[in-house]
Amino acid sequence: RNTGTFTILPVQSMAEDEGITRRFTYEEVKEHNKEDSLWVVIHGKVYDVTKFKEEHPGGEEVLLEQAGQESTDAFEDVGHSTDARDLLKTYYIGDLDDPNAPTEDETEPKNDEDEEAESEKQESSGTGISFTFIAAAAVLAAAVLIGLYLS
């Protein structure tokens with residue numbers, strides 16, 4: 001007799017189903033940086049999120065930006081929910097086993113051009129705010145002077 005109840009079984013990843021832990025070098029992971037093969041590394045674990053990219057709430061572009069690289073900081077910065085973390089486990093395919101791989105605390109080194117562009121961006125955004133403030137103050141001062149002159 002069907003009572004209308006059912007049991008939800010936990011989904012296991014391919015690596016767990018096989019009962020083995022595959023190990024990948026960082027060079028192997030870096031090769032999977034395209035829409036048709038999209039891997040990320042989070043906390044030293046390798047995830048194949050290719051099939052998830054279209055369903056990712058943040059959009060597939062977010063995953064494509066992180067494809068084939070160490071993505072722990074990007075993952076943690078977003079503040080993913082427990083459900084998202086559980087879902088991530090279903091895409092686990094193995095561990096990163098590469099002493100030369102960047103760690104989750106390391107970022108890509110910037111070259112001089114990147115640093116100059118970042119500096120100019122910060123300077124120009126500050127200048128834009130200052131200019132807007134000065135222009136608004138000048139308009140206000142002009143309005144007050146015109147009001148005094150006409151009265």
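The paragraphs below go through a pocket, a loop residue and a surface patch. The model is predicted, with local features needing pLDDT of at least 70 and side-chain atom pairs counting only at pLDDT 80 or more, while totals for chains, interfaces and linings use all residues. Residues are numbered from 1 along each chain as its sequence is written, and side-chain values use heavy atoms, without hydrogens and water.

The largest pocket has a volume of about 420 Å³. Its lining has 19 residues, and Phe-52, His-56, Leu-63, Phe-75 and His-80 lie nearest the centre. Strand 3, helix 3 (60-66), helix 4 (72-78) and helix 5 (82-89) each give two or more residues to this lining. By type, the lining holds 14 nonpolar residues, five polar and no charged. A pocket here is an open set of points on a 1 Å grid over the protein atoms alone where a 1.4 Å probe fits, with protein on both sides within 12 Å along at least five of seven lines; lining residues have an atom within 4 Å of a point.

His-43 sits in the loop between strand 3 (37-42) and strand 4 (45-48). Its phi is near 55°, a positive value in a residue other than glycine. Most residues other than glycine have a negative phi. His-43 is partly exposed, at 42% relative accessibility; buried means under 20%, exposed over 50%, and partly exposed in between (1.4 Å probe, protein chains only).

Val-144, in helix 6 (residues 112-150), is also partly exposed, with a relative accessible area of 46%. Together with Leu-140, Leu-145 and Leu-148, Val-144 forms a nonpolar surface patch with about 430 Å² of accessible area. Such a patch takes residues with over 30% relative accessible area and no salt bridge, nonpolar side chains being joined within 5 Å.

Definitions and conventions: Patches are made of residues with over 30% relative accessible area and no salt bridge: like charges are joined within 9 Å, nonpolar side chains (Val, Leu, Ile, Met, Phe, Trp, Tyr) within 5 Å. Accessible areas come from the Shrake-Rupley method with a 1.4 Å probe; for residues, only the protein chains shown count as cover. A salt bridge is a side-chain nitrogen of Lys or Arg within 4 Å of a carboxyl oxygen of Asp or Glu. Helices (H or I, at least four residues) and strands (E, at least two) are DSSP runs, numbered from the N terminus. Grid points are joined across faces, edges and corners, and a volume is the space filled by probe spheres set on the points. Ala, Val, Leu, Ile, Met, Phe, Trp, Tyr, Cys and Pro count as nonpolar, Asp, Glu, Lys and Arg as charged, and the others, Gly among them, as polar.
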